[in-house]
Amino acid sequence: MSAAFRGRKHYTSQNVLVAVDFDMRFTYVFAGWEGSAHDASILAGSLSRHDGLQIPEGKFYLGDARYACRPGILPPFRKTRYHLNEFSPRHRPQNTKELFNLRHSSLRVIIERTFAALKNRFKVLDQKPFHTFDTQVKLVLACCILHNWILGWARMSSSNRLSFFYEVETGHGVDAGDNDVWKEKRQECAEWEAKGNTPI
């Protein structure tokens, strides 16, 4: 099977189609395609499935340049400046296509951030797989689900989390909030949030 899973980077991989909202949550995951499969083919396959990607009427998904322009999918203009580092106060957009691509790139950066967070959180996704392919597909889905759950947990206010720590008991008559481990974790959370990061 390995030949079909060798993509353009010449190592085996599986291709995954995802949709992400602006809160970095996965709203759709379609895993298990060969690494050599073209993105447009995967999108077409997903849209044709009864449980595939559903694009609400009048709404659009931003796609990269490998996707064809079709109803509900907005790819950038090709052969036109696109990446954020190609624009600056001295190199502003020169026409409507460049302005569109600049706006597209600045919005689409969320997908890069989401994948970076996912791979950073779950190192198993970047490791050489030792599982059957079916298990590899399930691992991707499980990691995306856990990522969403962790983000939901992180959105709780820090005061709610700290009171939760104090309410949990160890069963030995000592509050878990008094435990050295919990104190250390609370300190880490406070330092993380003090730097302006999203609460953990």
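The sulfur of cysteine 144 lies 7.0 Å from the closest cysteine sulfur, that of cysteine 143, which is too far for a bond. A disulfide is taken here as a pair of cysteine sulfur atoms within 2.5 Å, and by this rule the count comes to 0 disulfides. The structure is a predicted model, in which local features need pLDDT of at least 70 and side-chain atom pairs count only at pLDDT 80 or more, while totals for chains, interfaces and linings use all residues. Residues are numbered from 1 along each chain as its sequence is written, and side-chain values use heavy atoms, with hydrogens and water left out.

The relative accessible area is 3% for cysteine 144 and 5% for cysteine 143. Contact is defined as heavy atoms within 4.5 Å. Leaving aside residues up to four places away in sequence, cysteine 143 touches Leu118, Phe122, Val124 and Leu125.

The protein chain contains 5 helices and 4 strands, arranged along the sequence as β-β-α-β-β-α-α-α-α. Helices (H or I, at least four residues) and strands (E, at least two) are DSSP runs, numbered from the N terminus. Of the 200 residues, 30% count as buried. Among contacts with a separation of 6 or more, 43% are between residues 24 or more positions apart. The chain exposes about 13700 Å², of which carbon and sulfur atoms supply 56%; accessible areas come from the Shrake-Rupley method with a 1.4 Å probe, and for residues only the protein chains shown count as cover.

In soluble globular proteins, nonpolar side chains tend to be buried together. A nonpolar core is a set of buried Ala, Val, Leu, Ile, Met, Phe, Trp, Tyr and Cys residues joined through side-chain atoms within 4.5 Å. The largest such core has 11 residues: Val18, Val20, Phe26, Ala31, Ile111, Leu118, Phe122, Val137, Val140, Cys143 and Cys144. Two or more residues each are given to this core by β1, β2, α2 and α3 (133-154), and α3 provides the largest share, 4 residues. A second, separate core of 10 residues includes Leu17, Ala19, Ile42 and Ile73.

Histidine 104 is placed in helix α2 (residues 96-121) and is buried, with a relative accessible area of 2%. Not counting residues up to four places away in sequence, histidine 104 touches Leu62, Gly63, Leu74, Pro75, Pro76 and Tyr82.

On the surface, Phe22, Leu62 and Leu107 form a nonpolar patch with about 290 Å² of accessible area together. Patches are made of residues with over 30% relative accessible area and no salt bridge, like charges being joined within 9 Å and nonpolar side chains (Val, Leu, Ile, Met, Phe, Trp, Tyr) within 5 Å. Phenylalanine 22 belongs to the loop between β1 (14-20) and β2 (26-34) and is exposed, at 58% relative accessible area.

Most residues other than glycine have a negative phi. Methionine 24, which is not a glycine, has a positive phi of about 65°. Methionine 24 lies in the loop between β1 and β2 and counts as buried at 14% relative accessibility. Lysine 79 likewise has a positive phi, near 55°. Lysine 79 is found in the loop between β4 (73-74) and α2 and counts as exposed at 90% relative accessibility.

The whole structure holds 5 salt bridges, each being a side-chain nitrogen of Lys or Arg within 4 Å of a carboxyl oxygen of Asp or Glu. In one of them, aspartate 51 pairs with arginine 49, with the closest N and O atoms 3.1 Å apart. Aspartate 51 is partly exposed at 42%, as is arginine 49 at 37% relative accessibility. Aspartate 64 forms a salt bridge with arginine 66, the closest N and O atoms being 3.2 Å apart. Aspartate 64 is buried at 15% relative accessibility, whereas arginine 66 is partly exposed at 36%.

Arginine 108 and glutamate 112 meet in a further salt bridge (3.5 Å, N to O). Both residues lie in helix α2, 4 residues apart, about one turn of the helix. Arginine 108 counts as buried at 18% relative accessibility, and glutamate 112 as partly exposed at 45%. Salt bridges that share partners join Asp64, Arg66, Arg108 and Glu112 into one network.

Terms used: Buried means under 20% relative accessible area, exposed over 50%, partly exposed in between (1.4 Å probe, protein chains only).
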